[in-house]
Amino acid sequence: MNQSSFKKYLLLWLGELISAIGGGLTSFGLGVYVFEKTGSAAGMAVVTLLGFLPTLVLSVPAGILADRYDRRMLMMIGDGCSAIGIIYILICMMRGETTLAQICIGVFISSVFSSLLEPSYKATVSDLLTEDEYANASGLVSLAGSARYLISPVIAGILLSVSDVKLLLVIDICTFMLTVTTTFVVKKGIAETKKCEEITLKESLAEGWQAICERRGVLLLVLLSSLLTLFIGVFQILAEPLILSIADAKTLGIAETICASGMLVSSIYLGIFGIKSGYVKILSGSLVLAGGCIIAFGLLGSIPLITLTGFGFFAMLPFANTCLDYLVRTNTAKELQGRIWGLIGFLSQIGYVVAYACSGVLADRIAGARDISVGRGAGVVMSISGAALMIMALILLLVKEIRLLEEKGDTNEYELC
């Protein structure tokens, strides 16, 4: 793969970075709008859930489509049509007071089309880059993802002080157009790859699952990713009540920004330097450190120390994600990577659902049983999950099937058409 291919990827990534910032503006703005209008955290949770579930449920069929049709075209359709939901919300706001139901409908429509993006985008990495460039690409993807939580809130907060949420929606709609344009430019420079003959949805799904199961180490990594999102979800849900039990909302906002910047720092490092070898060891080491940070976060009562350990936790995630990405990508067939990443996306996101459903309830019950604050109950649950993550990370070093993934064969030898 030549230098121009990496430049095409950078152009594609730039479009997705801008889209992520625009999406973050809308997410922040709608969250503030819903809370101000309803005064209900439940309302905000419903909007968040409707923005998450379609991507989870549709990730598998979206992956199959990514292997059947032109991936860049699917990205253009996903990005372009996801603007419909935002435009609907904007029109409702311009006509007067917007109800929670109208916002939910718009968010749901946008999320349905956005579900086309991730499998096609991840599969395009394999189309454009060499194996040596995968780690750099993964770091850039993490960087784009972190921008939604680091850049967007700052911009949105400033804009809301001089205008209202409608301005944020307009900016987001403009970013969709820019993203579609960059994807179109990249598409024009890439010859269409030969697609397999038409097969049924069930057969496509079976092929993707077979590709994952073909190497036991890949299947184990997929299960590991599900557990990893479970621990991340526990952290996301319980960090706020823990901090609010000893500090105010302003301190919480500052602490969250500093913690999330850990992901930004390590993503920049990986985007520049990447990882050249020792993926399994780095994966295990980063998860051990992440687990230790969760334990410390749950046990410490000092805001500076909590913030430091939170920074460390988020700094480890891009290293773990990069290693998982590389080991799976280099041990599966390129022709199947759309449906593979669709399946992986679905399976891994289940961890978030479990965390969102259970961690808060568990923290409340521990607090009640031990007669402590909910914040301290959250700390206990976080510490337990951190210890479990450390144990899991150490065990994976002992699994021969995972270690063998670094001694992969040439995945291009897979012949599926």
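Student: In this predicted model, at which residue does α9 bend by about 35 degrees?

Tutor: The bend of helix α9 has a proline, P241, within the four residues that follow the bend. The residue at which α9 bends by about 35 degrees is L238.

Student: How far apart are the end C-alpha atoms of helix α9?

Tutor: Helix α9 covers residues 216-244, which is 29 residues. At 1.5 Å a residue these should span 42 Å.

Student: Is L221 buried or exposed?

Tutor: L221 is found in helix α9. Buried means under 20% relative accessible area, and L221 has a relative accessibility of 2%, so the residue counts as buried.

Student: How far apart in space are L221 and E401, C-alpha to C-alpha?

Tutor: In sequence, L221 and E401 are separated by 180 residues. In space, their C-alpha to C-alpha distance is 9.9 Å.

Student: How many aromatic pairs are there, and why is the pair of F235 and F313 stacked?

Tutor: Rings pair if their centres lie within 6.5 Å, and planes under 30 degrees apart count as stacked; by this rule the count of aromatic pairs is seven. For F235 and F313, the ring centres are 4.4 Å apart and the planes lie at 20 degrees, so this pair is stacked.

Student: Which helices hold F235 and F313, and how many residues apart in sequence are the parts that the pair ties together?

Tutor: F235 lies in helix α9, whereas F313 lies in helix α12, residues 303-329. The pair therefore ties together parts of the chain whose separation in sequence is 78 residues.

Student: Are F235 and F313 buried or exposed?

Tutor: With a cut-off of under 20% for buried, F235 qualifies because its relative accessibility is 4%. F313 has a relative accessible area of 1%, so this residue, too, is buried.

Student: What kind of aromatic pair do F313 and F314 form?

Tutor: The ring centres of F313 and F314 are 5.2 Å apart, with 75 degrees between the planes. Since planes over 60 degrees apart count as edge-to-face, the pair is edge-to-face.

Student: Which residues do ring pairs link into a cluster?

Tutor: One of the members, F314, counts as buried at 14% relative accessibility. The cluster linked by ring pairs consists of F235, F297, F313 and F314.

Conventions. Residues numbered from 1 in each chain as written. Predicted model: local features only at pLDDT ≥ 70, side-chain atom pairs only at ≥ 80, totals over all residues. Heavy atoms only, no water. Helix = DSSP H or I, 4+ residues; strand = E, 2+ residues; numbered from the N terminus. Expected span 1.5 Å × (residues − 1). Bend = angle between axes of the 7 residues up to and from the residue. Phe/Tyr/Trp six-rings, centres within 6.5 Å; stacked < 30°, edge-to-face > 60°. Buried < 20%, exposed > 50% of the residue type's maximum accessible area, 1.4 Å probe, protein only.
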